[in-house]
Amino acid sequence: MSVRTSFAQDADHVDVKAVESQATLRQFLAGLMSYQPAWVSALYRVRAVFVRLLGMRQQGIPQQRLSRPEDIPMTPGSAASFFTVRHAEEEHVWVVSAVDTHLEATLAVVVEPSEGPRRRFHVVPLVHYRNWAGPVYFNVIRPFHHLVVARMARHAARSVRRP
């Protein structure tokens with residue numbers, strides 16, 4: 001079984017956003033993890049109110065961190081923002097997850113090699129519901145989720161500095 005299918009097994013939601021870039025995996029991940037414009041921070045503030053209505057808590061609003069490629073953790077068990085690294089292979093795949101009472105969110109980034117300098121990056125969010133609040137929560141945020149993940153992927157693809 002491949003890494004992708006093992007983490008996706010029995011997922012309640014799987015999405016794939018694909019972009020091309022000349023970035024290395026670490027450069028792409030640094031751009032991905034650094035993306036947090038003001039409108040995303042505003043969504044986190046709205047989320048804080050919504051999750052309280054569902055009886056859940058939010059551990060504050062994540063602060064934007066400008067990640068550098070060399071700071072991207074590749075060791076399973078390491079923290080990557082509010083995620084934990086589950087699996088990583090240099091220039092191939094990076095899988096992180098965050099577990100909450102209502103759902104487990106997994107984010108996989110898979111590199112598709114190519115002949116030229118460009119690679120295709122597949123950004124794959126996966127969701128596993130843990131209780132009744134999981135589908136309620138996710139179905140409300142789903143339109144925003146698609147927008148945020150797509151923008152993160154495009155930002156990461158463009159974030160490579162050319163010499």
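Biologist: Before we look around, what is a salt bridge?

Modeller: Happy to start there! In this predicted model, the term describes a side-chain nitrogen of Lys or Arg and a carboxyl oxygen of Asp or Glu. The nitrogen has to lie within a set distance of that oxygen, and the cut-off is 4 Å.

Biologist: Thanks! Which residue does Glu-91 meet in a salt bridge?

Modeller: Look for an N to O distance of 3.9 Å between two side chains. A salt bridge needs these atoms within 4 Å, so this pair counts. Glu-91 sits in the loop between β4 and β5, and its partner lies in strand β7, 28 residues apart. That partner is Arg-119.

Biologist: Is Glu-104 buried or exposed?

Modeller: Glu-104, in strand β6, pairs with Arg-86 in strand β4, and their salt bridge spans 3.0 Å, N to O. Arg-86 is partly exposed at 34% relative accessibility. Glu-104 has a value of 18%, and buried means under 20%, so Glu-104 counts as buried.

Biologist: Which residues does the network of salt bridges join?

Modeller: Begin with Arg-120 and Glu-20, whose closest N and O atoms are 3.2 Å apart. This pair links strand β7 to strand β2, 100 residues apart. Salt bridges that share partners bring in Arg-118 too, and the network joins Glu-20, Arg-118 and Arg-120.

Biologist: What kind of aromatic pair do Phe-28 and Phe-121 form?

Modeller: Phe-28 belongs to helix α2 and Phe-121 to strand β7, and both are buried. Their ring centres are 4.1 Å apart, with 5° between the planes. Planes under 30 degrees apart count as stacked, so this pair is stacked.

Technical notes. Residues are numbered from 1 along each chain as its sequence is written. This is a predicted model: local features need pLDDT of at least 70, side-chain atom pairs count only at pLDDT 80 or more; totals for chains, interfaces and linings use all residues. Side-chain values use heavy atoms; hydrogens and water are left out. Rings of Phe, Tyr and Trp (its six-membered ring) pair if their centres lie within 6.5 Å; planes under 30 degrees apart count as stacked, over 60 as edge-to-face and the rest as tilted. Helices (H or I, at least four residues) and strands (E, at least two) are DSSP runs, numbered from the N terminus. Buried means under 20% relative accessible area, exposed over 50%, partly exposed in between (1.4 Å probe, protein chains only).
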